[in-house]
Amino acid sequence: VVQFYNQSELLVKELRQFIYEDNCTKIMKMDPIVELVKSTDWNTSSFDSSNSPYVERLLHQITQCEEKIKSYGGGAIPTYVLNIILYHLIVVISKHVLSGYAEVKKCTDYGRKAMERDVMSLKSD
């Protein structure tokens, strides 16, 4: 019985993660994220201290998604559920940002430093 319970608990956690992450892709379109990251000029010869345009756009989209989720059910979604959904949304966005980085063809040291700055900015906001 204990073994069955432990296996079931693990399975439920994995299914919950799958369902949340799948629904996050329905709340926010993820394909443009990869294109925005990939189209950023990472082959730069200087470092700009401001965020890349895709970061500002992502932060704006996340805020819009949060408002959209809050409005579901007439605002009846509990805060803890909202936080779980936002956590999974951020996980999915992170995966797509990394996919965008992986598709970059040329990147200088300044470009890598800009990537690091962008990731830190996304983490802090």
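User: What is pLDDT, the predictor's confidence?

Analyst: pLDDT is the confidence that the predictor assigns to each residue, on a scale from 0 to 100. Where pLDDT is low, the predicted coordinates should not be read in detail. This is a predicted model, in which local features need pLDDT of at least 70 and side-chain atom pairs count only at pLDDT 80 or more, while totals for chains, interfaces and linings use all residues. Residues are numbered from 1 along each chain as its sequence is written, and side-chain values use heavy atoms, with hydrogens and water left out. In the protein chain the mean pLDDT is 87, and 99% of the residues reach 70 or more.

User: Which residues are buried in helix α2, and where do they lie around its axis?

Analyst: Buried means under 20% relative accessible area and exposed means over 50%, with partly exposed in between (1.4 Å probe, protein chains only). In α2 (residues 31–39), the buried residues are Ile-33, Val-34, Leu-36 and Val-37. They cover an arc of only 165° around the axis, so they lie on the same side of α2; the arc is that of the directions from the helix axis to the C-beta atoms. The face turned away from this buried side carries the exposed residues Asp-31 and Ser-39.

User: What covers the buried residues of α2, and which residues are in contact with Cys-65?

Analyst: Contact means heavy atoms within 4.5 Å. The cover over the buried residues of α2 includes α3 (53–71) and α4 (79–102). Cys-65 has its place in helix α3 and is buried, with a relative accessible area of 5%. Leaving aside neighbours within four places in sequence, Cys-65 is in contact with Ile-27, Met-28 and Leu-89. The C-alpha atoms of Cys-65 and Met-28 are separated by 6.8 Å, although these residues are 37 residues apart along the chain.

User: Is Ile-69 buried or exposed, and what is in contact with Ile-69?

Analyst: Ile-69, in helix α3, is buried, with a relative accessible area of 1%. Apart from neighbours within four places in sequence, the residues in contact with Ile-69 are Ile-27, Ile-77, Leu-82, Ile-85 and Leu-86.

Conventions
Helices (H or I, at least four residues) and strands (E, at least two) are DSSP runs, numbered from the N terminus.
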